[in-house]
2 protein chains.
Amino acid sequence: MKKTLMAATFALAGAASADAQEIQVFPSGASPSVTADPKNFSGQVIIDLPVPSSVEAPASLGLVNFAPGARTAWHTHPVGQTLIVTAGKGWVQRDGQPRQDIKPGDVVWIPAGIKHWHGGTDTNAMSHIAVTYVRDGQNVDWMELVTDEQYADR
Amino acid sequence: MKKTLMAATFALAGAASADAQEIQVFPSGASPSVTADPKNFSGQVIIDLPVPSSVEAPASLGLVNFAPGARTAWHTHPVGQTLIVTAGKGWVQRDGQPRQDIKPGDVVWIPAGIKHWHGGTDTNAMSHIAVTYVRDGQNVDWMELVTDEQYADR
């Protein structure tokens, strides 16, 4: 059953091979970009998820584009997350601490269980690659949105 | 003892915080680029390792720049590796199979235990981000170099 589901998902994703034990190249643009769920993100956020979830890697991979003012909700990760900033100017903030500036080429390590958010600055878009480690099928625990007051309070 | 070693490594790396349970921003360029070991790479290969190995993430992160003709040795990974191609034009090849072209924005999933190599083409440089999953402190098993004859045989 699992094998059938995996094969179907690969076929949908247009992957190079339906064999999970082969090297798989997922060409740029093969999967459509998606608009982030407004339950978990504020503002305009576009996400590319180039690797089908059927690929049994220890992390999921997302390419995330935040418009100015856009940001994630508060959240934690069960294992942790690595961000690689690729464009623009952004912020990352742990609950109760000052926010930190992030710029292209910076790499951010967010350990498990730390309540935080990340996004663009008030004036600039920001893009990052997110490597989010998975445990028991989960890679994030979403909490409440970052309010405009919280976002403005720096 | 472990804590002392970790603190020392963080101090050397100039990381934002010596507390492994904080969000850590590793600024672009904070760690010097290194020349790849010629035992495991052919040609000119420059690697950035922005995250100190003391960070207890499930994967290591490398930014790898291959000159034209440069490539890894044959190797396998104990858990697997995800490549995100960021520039140029490259090749990835599993032992015994045709090589595949890779270009910026492509994502490559290499499952555990598959003998393969990757690098630039004969005419073009290629850069990729490598997310290499770690088990028991190991993320790669190096084998013999890719000979000029193997590299030319396409």
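Among contacts in chain A between residues at least 6 apart in sequence, what percentage join residues at least 24 apart? The figure is 68%, where two residues are in contact if their C-beta atoms, placed from the backbone, lie within 7 Å. Before going further, please keep in mind that this is a predicted model, in which local features need pLDDT of at least 70 and side-chain atom pairs count only at pLDDT 80 or more, while totals for chains, interfaces and linings use all residues. Residues are numbered from 1 along each chain as its sequence is written, and chains are lettered from A and ligands numbered from 1 in the order in which they are written.

Let us start with chain A. Its secondary structure comes to two helices and 14 strands; helices (H or I, at least four residues) and strands (E, at least two) are DSSP runs, numbered from the N terminus. Of the 154 residues in chain A, 38% are buried. Here a residue is buried if 20 or more other C-beta atoms lie within 10 Å of its own, exposed if 12 or fewer, and partly exposed in between, with C-beta atoms placed from the backbone.

Two strands pair if DSSP finds at least two bridges between them. Within chain A, β8 (residues 80-88) and β11 (residues 107-111) are joined in the antiparallel sense by five bridges, with A:L83 partnered by A:V108. Between the chains, β11(A) and β1(B) share three antiparallel bridges, and there A:W109 has B:Q24 as its bridge partner.

The meeting of the chains goes beyond that pairing: 38 residues of chain A are in contact with 38 residues of chain B. On the side of chain A that touches chain B, β11(A) gives the largest share, five residues. By type, the residues on this side are 26 nonpolar, nine polar and three charged; Ala, Val, Leu, Ile, Met, Phe, Trp, Tyr, Cys and Pro count as nonpolar, Asp, Glu, Lys and Arg as charged, and the others, Gly among them, as polar.

Finally, look at strand β5 (residues 59-66) of chain B. Seven of its eight residues are buried, so β5(B) is largely enclosed by the rest of the structure. Strand β4 (residues 45-48) of chain B pairs with β5(B) in the antiparallel sense over four bridges, and B:V45 has B:F66 as its partner. β5(B) also pairs with β13 (residues 126-133) of chain B, again antiparallel, over eight bridges, with B:V64 opposite B:H128.
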